[in-house]
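Subject: Structure handover

Hello,

Here is the structure I promised you. Please open it next to this email; my notes follow below.

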Amino acid sequence: MPFDYHRPATLEEAWRLAAADPEARFVAGGTDVMVRIREGKITPRALISLSRISDLARIAIGPTVVIGAGVRVAELERNASIRHALPVLSQAAALLGSTQIRNVATLGGNLCNASPCADLAPPLLVHDARARIATVSGAREIPLATFFVGPRASVLAPGEVLSAVVVDPPAPTARAVFLKQGRVRMDIALASLAVLLETDGQRCTRARVAAGSLGPCPMRLTETEAILTSGTLDDATLARARAAAESEVRPISDVRAGADYRRHLAGALLERAVRSLLNGAER
Ligand SMILES: Cc1cc2nc3c(=O)[nH]c(=O)nc-3n(C[C@H](O)[C@H](O)[C@H](O)COP(=O)(O)OP(=O)(O)OC[C@H]3O[C@@H](n4cnc5c(N)ncnc54)[C@H](O)[C@@H]3O)c2cc1C
């Protein structure tokens, strides 16, 4: 089915085009949108590309880290400032798809697609990231944890654009890791987990755990976090946290894996992540 293709240079122009055609859809790298069009799952009358809007492609590292929604996944993987400020995000970016996909796919597309398996969501959720949403009438920021509302559904209303993701710099003692289990090396996740820990001797003073492909949308595992910070972080605490992770996730069975296996993966990835952080293998 043919469709019109627009490449506005400003958000204002993008909004004008969107208002003129309610059937139009935004596109960034197109690695999700074009596949869905080809499969006949969506039939937009027009695509409004966000790729020429330079404001969306900025990275600013100051009192907060602001990453434009149009920043490409390859840039998240390689950019020295991002690797330094949020190494766990670079780790996840490096595991997303192939080189060809990473060169065109964007941060905003990954989040707005709102797939349960979006690889960039868990590392941002453990950093309590905020989503900056631009609308014709102004901008607002919301916790990324409230951005996803279900499989392929976000809080974005028609015409709203995710303009950036905002992260407060982590404490110098914070360390985080992202683990992803696919059927093969280059695959979407059967399960993924990001874990961030701040420790003081044997105690864990702050824990953040976020999961992908383990529920209807990327999610924080708050009960697991509470157990990790409940006392000395020893083998017994870790075993309780592992059990909590397995019961807290809400996986489905699909062509890639059964729900029981995914539940098992949640616990196994949690234990592996925590042990690697405690061993100082990750920053
Ligand atoms: C072969 C292949 C392998 C893949 N492997 C992985 C993988 O391992 N892990 C993974 O997480 N994903 C994977 N993906 C999915 C996809 O590449 C990523 O989700 C990618 O980050 C999407 O970004 P994009 O810019 O291409 O999104 P697009 O396709 O351009 O857009 C996706 C959705 O987001 C909307 N959108 C985009 N930007 C904005 C914005 N700023 N504001 C509002 N709405 C917006 C679009 O309207 C659309 O609904 C893979 C895809 C393919 C084809």
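**The ligand shell**

Strand S2 (24-27), helix H2 (33-38), helix H7 (107-112) and strand S10 (161-167) each give at least two residues to the shell around the ligand. Helices (H or I, at least four residues) and strands (E, at least two) are DSSP runs, numbered from the N terminus. H7 supplies the largest share, 4 residues. There are 30 residues around the ligand, and Gly29, Gly97, Gly108, Gly109 and Asn110 come nearest. A residue is near a molecule or strand if its C-beta atom, placed from the backbone, lies within 6 Å of it. By class, the shell splits into 18 nonpolar, 9 polar and 3 charged residues. Ala, Val, Leu, Ile, Met, Phe, Trp, Tyr, Cys and Pro count as nonpolar; Asp, Glu, Lys and Arg count as charged; the others, Gly among them, count as polar.

**Ground rules**

This is a predicted model: local features need pLDDT of at least 70, side-chain atom pairs count only at pLDDT 80 or more, and totals for chains, interfaces and linings use all residues. Residues are numbered from 1 along each chain as its sequence is written.

Gly109 sits in helix H7. It is buried, with 25 other C-beta atoms within 10 Å. Buried here means 20 or more other C-beta atoms within 10 Å of the residue's own; exposed means 12 or fewer, partly exposed lies in between, and C-beta atoms are placed from the backbone. Gly109 touches Ala28, Gly29, Thr31 and Asp32, leaving out residues up to four places away in sequence. A contact requires C-beta atoms, placed from the backbone, within 7 Å. Arg72 is 37 residues from Gly109 along the chain, and their C-alpha atoms are separated by 9.3 Å.

Leu107 is also found in helix H7. It counts as buried, with 29 C-beta neighbours inside 10 Å. Its contacts, not counting residues up to four places away in sequence, are Ile67, Ala69, Val71, Val73, Leu76, Leu120 and Val165. Leu107 and Leu76 are 31 residues apart in sequence and 8.3 Å apart in space, C-alpha to C-alpha.

**The chain as a whole**

The chain has 11 helices and 14 strands. Its radius of gyration is 19 Å, close to the 19 Å that the globule rule gives for 283 residues, so the chain is as compact as a globular protein of that length. That radius is taken over C-alpha atoms, and the rule is 2.2 Å times the number of residues to the power 0.38. The C-alpha trace spans about 60 × 45 × 30 Å along its principal axes. Of the 283 residues, 44% count as buried. Among contacts with a separation of 6 or more, 61% join residues 24 or more positions apart.

**Core and domains**

The chain is divided into domain 1 (4-48) and domain 2 (175-278). These bounds come from an automatic or database domain assignment. The C-alpha centres of the two domains lie 36 Å apart.

Which residues have the most contacts inside the largest nonpolar core? They are Leu193, Ala194, Val195, Ala266 and Leu270, in a core of 85 residues. Such a core is a set of buried Ala, Val, Leu, Ile, Met, Phe, Trp, Tyr and Cys residues joined through C-beta atoms within 7 Å. Helix H11 (residues 259-278) gives the most to this core, with 7 residues. Domain 1 and domain 2 both give residues to the core, so it lies between them. Leu193 touches Pro122, Leu179, Val209, Ala211, Ala266, Leu269, Leu270 and Ala273, again without residues up to four places away in sequence.

**An enclosed helix**

Helix H5 (residues 87-94) has 6 of its 8 residues buried, so it is largely enclosed by the rest of the structure. The buried ones are Val88, Leu89, Ser90, Gln91, Ala92 and Ala93. Their cover includes helix H3 (73-78), helix H6 (99-104) and strand S12 (191-200).

**Two positive phi values**

Ala114 is not a glycine, yet its phi is near 55 degrees. It lies in the loop between H7 and H8. Ala114 is buried, with 22 other C-beta atoms within 10 Å.

Ser213 has a positive phi of about 60 degrees, and it is not a glycine either. Its loop runs between strand S13 (203-212) and strand S14 (219-220). Ser213 counts as buried, with 29 C-beta neighbours inside 10 Å.

Best wishes

Conventions. Two residues are in contact if their C-beta atoms, placed from the backbone, lie within 7 Å.
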